[in-house]
Protein chains: 2
Amino acid sequence: MEYRKIKDEDKDGGDTIAGDVESSPPKYPSGTLSAFGGSPIGRNKWKRKSIVTIALTFLTSSQAILIVWSKRAGKYEYSVTTANFLVEALKCALSLAALVRIWSNDGITDDNRLSTTWEEVSVYPVPAALYLIKNLLQYYIFAYVDAPGYQILKNLNIISTGVLYRIILKKKLSEIQWAAFILLCAGCTTAQLNPTSDRVLQTPLQGWVMAIVMALLSGFAGVYTEAIIKKRPSRNINVQNFWLYIFGMGFNAIAIVVQDFDAVVNKGFFHGYSLITTLMILNHALSGIAVSMVMKYADNIVKVYSTSVAMLLTAVVSVFLFGFHLSLAFFLGSIVLSVSIYLHSVGKVQR
Amino acid sequence: MEYRKIKDEDKDGGDTIAGDVESSPPKYPSGTLSAFGGSPIGRNKWKRKSIVTIALTFLTSSQAILIVWSKRAGKYEYSVTTANFLVEALKCALSLAALVRIWSNDGITDDNRLSTTWEEVSVYPVPAALYLIKNLLQYYIFAYVDAPGYQILKNLNIISTGVLYRIILKKKLSEIQWAAFILLCAGCTTAQLNPTSDRVLQTPLQGWVMAIVMALLSGFAGVYTEAIIKKRPSRNINVQNFWLYIFGMGFNAIAIVVQDFDAVVNKGFFHGYSLITTLMILNHALSGIAVSMVMKYADNIVKVYSTSVAMLLTAVVSVFLFGFHLSLAFFLGSIVLSVSIYLHSVGKVQR
């Protein structure tokens, strides 16, 4: 079970060597048993972890399919900033709805009350701010790489997440799990290869630097979110999500004003919205909540694996939906990715 | 140390379950120590194994470079069958020369005498015959796949060698080593990807069947050679090589008569021979001897890794020699291959 309280002193970045010593939860006697949770509590945790991971995989996969669908249906006519704002608002509303149900069932406790301290809430804007910076950089990187090249470079996220997960959360991966992580990155990239991919090798230095900075920002945002959520393991996830998404709404409101103020005033907030747009907003909101759940009950490593598998699923489903052809590179990448997943689980048992 | 006497009863294919039990040589206390050979004898064996493996890697790599060079220099004008015959003859001569030196130093013993029993020598024609059948099939497979496609399909050899190594030699690979072997195959294929590779997916069923049969023939020939050579561990490798190559000469003499008799009679045996041809023959002969040495002192798995690394080396050297460009797929394949080598060695220590 990866779930573990992140001690406050860990975050001060004091003694790194002390952090190296595995302070993992009680060891289970047998590998297989521990994988499925030895105790009933362990089994429940494992079940919850599996459900959120599978949900994230399918939501991410259908997200990509909706994007392909919307591209085929024509260009985006709605403003992206308003859609992003609605995604955050919907996530906020869903978290609040879940909380209202919990309050009526269990009553209000210290763990599920919405009111909070400045100390607890002060870290919540950080991930939203990081994603904002990353999204702004995204406009500039296209001066150096084309869109397929950017898709390839985005796989650097995998490595940056692994490295930051190790450094910031001080969680150890076994050597085999590191090997698996490198394979995951190589496998995903291989699966996405297309005849124009080689152009990415001609990316100028500035492009590489930006890609690495973006990967670090995105990795840091993910790992930081996990740190925030796991810092208070007993705190209800819906409260944590509420505060996370409130700041998301705020940052996206600023983005609307800065980027699309005129369009919204002249054409209206919902101009260009269609059935697909609505489905995409719904899907993004649910995926976002699934990501938070994975951070709470699993970790960033599981998230990365989940989204990688989603990429394969999307491609396979696209064969049936859109008549896509799978390339030899896709098959090879899928094999490498499958072996990576196997090694990740084997590496865990052996450490 | 992989080196182990293959018991005669093993070859009867009697009790497979008994064969599953690892009957490996004495375990060394520490992983690192055992990798470098704990005892002086172990260290010597490890050294010999390393030298023959490195020699094979460099010889195979330069072999491919000579082929590229000869292609650039123009078409083959010499008859391939005479060249193959000369390779076998040269290997035979080199083995004999080594034996003469050994005889003058150590005297003639039971292990290094050339005379043999029918029982010992009867199995030696088998690998040569298998390679002959495989080479004949090679002409027919091009009715179903193009040359780059055949290069891709040849990577099936890796899997067939692993499977036959397990079945025939009854040597166990750990689960991680199997994972590494699948990665080796995927990595080599990825490194060889080019814009036309996807065509291999349209290979008709007959093409796939032939490719698999050829992979099995080639894998079987390799594993069978290892079985022959290791059956008598104390027998001098040069004697074993001599008998192996004598039959190789015989089969290639038949091939000359069948395929190139007229050309040889009319134009002469050495028609079209150039400096490159001579270098290629020399290289093939030395590589052949290196393969036998690897079979004696290491195994087929090491051979497969060695030739895979040679493939990468060839590509890198070709960048400098012929101005080749390395593709993104090549880099990804190299990463996967490197991780595979790492996992193979880690998997060994842990079993």
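Q: Which residue just after H14(A) takes a positive phi?

A: Gly323(A) does, with a phi of about 65°. This is a predicted model, in which local features need pLDDT of at least 70 and side-chain atom pairs count only at pLDDT 80 or more. Residues are numbered from 1 along each chain as its sequence is written, and side-chain values use heavy atoms.

Q: How are helices H9(A) and H10(A) arranged to each other?

A: Two packed helices are described by the angle and the distance between their axes. Axes are lines fitted to C-alpha atoms over the stretch in contact, with angles from 0 to 180 degrees between N-to-C directions. The axes of H9(A) (residues 156-168) and H10(A) (residues 175-191) come within 9 Å and cross at roughly 155°. The two are therefore roughly antiparallel, a term for angles over 145 degrees.

Q: Which residue forms a salt bridge with Lys231(A)?

A: Side chains of opposite charge can pair when their charged atoms come close. A salt bridge is a side-chain nitrogen of Lys or Arg within 4 Å of a carboxyl oxygen of Asp or Glu. Here Glu119(A) pairs with Lys231(A), the closest N and O atoms being 3.7 Å apart. Glu119(A) lies in H6(A) and Lys231(A) in H11(A), 112 residues apart.

Notes. Chains are lettered from A and ligands numbered from 1 in the order in which they are written. Helices (H or I, at least four residues) and strands (E, at least two) are DSSP runs, numbered from the N terminus. Angles under 35 degrees count as roughly parallel, over 145 as roughly antiparallel, 65 to 115 as roughly perpendicular and the rest as oblique.
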